[in-house]
Amino acid sequence: MSSERTGTPVDRFLRLGSLPVAAAALTGTVALSMVLVAFGNITDFGTNQQFVQHVLAMDTTFKDPQLMWRAVTSPALQNAAYLAIIVWEVLTAALLTFATWLWAAGLRRRSYDRARRASSAGLVMVLLLFGLGFFGIGGEWFAMWQSSDWNGLDSALRYVVLAAFALVVVHLPTARHGD
């Protein structure tokens, strides 16, 4: 057996401070967050359904006639958009959960390529949902920033920052020895 695998308890404990462990922990943190977001939207469907309906209808914005043509008032289209968001959240949560499992398996083998790729895909999905979806489409196209009641930009920012930070950590170079 190599001395790396049979190091002292202190050495094994200090390995918890390695970059791969940090990447695994961050991926797992975002995974759990996305699981809870998806779970909340499924089990309390109506609350965020109202959010999506108001944002798409633009009924709590400044109602500038130059922008109101963008409003989506069809309940069928609003519900389709909300269901698409939930499906995206479930797929993201599943991929990030799988990536967390790959990190855990990779830590035993000191092989991180698959975990890094899966984490990257899932984290980019988070960035697309909250960056493109909430900032770009909701915030700018549907003028969500104008609403004092139905404005999810601050909440979306937390997810964008967490996912972006995790993505950076996941892609930092990993040392060969000691990880």
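A crossing of two helices is called left-handed if the near helix is turned anticlockwise from the far one by less than a right angle. With that term in hand, the reader may turn to the structure above, which is a predicted model.

Two packed helices are described by the angle between their axes and the distance between the axes. Helix α2, residues 19–43, packs against α6 at an angle of about 150 degrees, and the two axes are 9 Å apart. Angles over 145 degrees count as roughly antiparallel, and α2 and α6 are therefore roughly antiparallel to each other. In passing α6, helix α2 makes a left-handed crossing. On the side of α2, the contact is formed by L19, A22, A23, L26, T27, T29, V30, S33 and V37, while α6 contributes Y159, L162, F165, A166, V169 and V170. Sorted by class, the residues of this contact comprise twelve nonpolar, three polar and no charged.

Helix α4 spans residues 75–109 and helix α5 spans residues 113–141; their axes come within 8 Å and cross at roughly 155 degrees. That angle makes α4 roughly antiparallel to α5. The crossing of α4 and α5 is left-handed. Among the residues of α4 in this contact are I85, W88, L95, F98 and W103, and among those of α5 are R114, A118, G122, M125 and L129. The contact of α4 with α5 holds 17 nonpolar, three polar and three charged residues; E89 of α4 and R114 and R116 of α5 take part in it.

Attention now passes to the aromatic side chains. A pair of aromatic rings is described by the distance of the centres and the angle of the planes. The structure contains nine aromatic pairs. In one of them, the ring centres of F130 and Y159 are 4.5 Å apart and the planes stand at 10 degrees, so the pair is stacked. Because F130 belongs to helix α5 and Y159 to helix α6, residues 153–170, the pair ties together parts that are 29 residues apart in sequence. F130 has a relative accessible area of 5% and is buried. Both rings also belong to one aromatic cluster, formed by F51, F130, F134, W150 and Y159.

The backbone of the loops deserves a separate look. Most residues other than glycine have a negative phi. K63, which is not a glycine, has a positive phi of about 60 degrees. K63 is placed in the loop between α3, residues 45–57, and α4. With a relative accessible area of 45%, K63 is partly exposed. A143 is another residue other than glycine with a positive phi, in this case near 50 degrees. The loop between α5 and α6 contains A143. The relative accessible area of A143 is 1%, and the residue is buried.

T8 counts as partly exposed, at 41% relative accessibility. From T8 to A25 there are 17 residues in sequence, and their C-alpha atoms are 23 Å apart in space.

Note on methods. Residues are numbered from 1 along each chain as its sequence is written. This is a predicted model: local features need pLDDT of at least 70, side-chain atom pairs count only at pLDDT 80 or more; totals for chains, interfaces and linings use all residues. Side-chain values use heavy atoms; hydrogens and water are left out. Axes are lines fitted to C-alpha atoms, for helices over the stretch in contact, and angles run from 0 to 180 degrees between N-to-C directions. Helices (H or I, at least four residues) and strands (E, at least two) are DSSP runs, numbered from the N terminus. Angles under 35 degrees count as roughly parallel, over 145 as roughly antiparallel, 65 to 115 as roughly perpendicular and the rest as oblique. Contact means heavy atoms within 4.5 Å. Ala, Val, Leu, Ile, Met, Phe, Trp, Tyr, Cys and Pro count as nonpolar, Asp, Glu, Lys and Arg as charged, and the others, Gly among them, as polar. Rings of Phe, Tyr and Trp (its six-membered ring) pair if their centres lie within 6.5 Å; planes under 30 degrees apart count as stacked, over 60 as edge-to-face and the rest as tilted. Buried means under 20% relative accessible area, exposed over 50%, partly exposed in between (1.4 Å probe, protein chains only).
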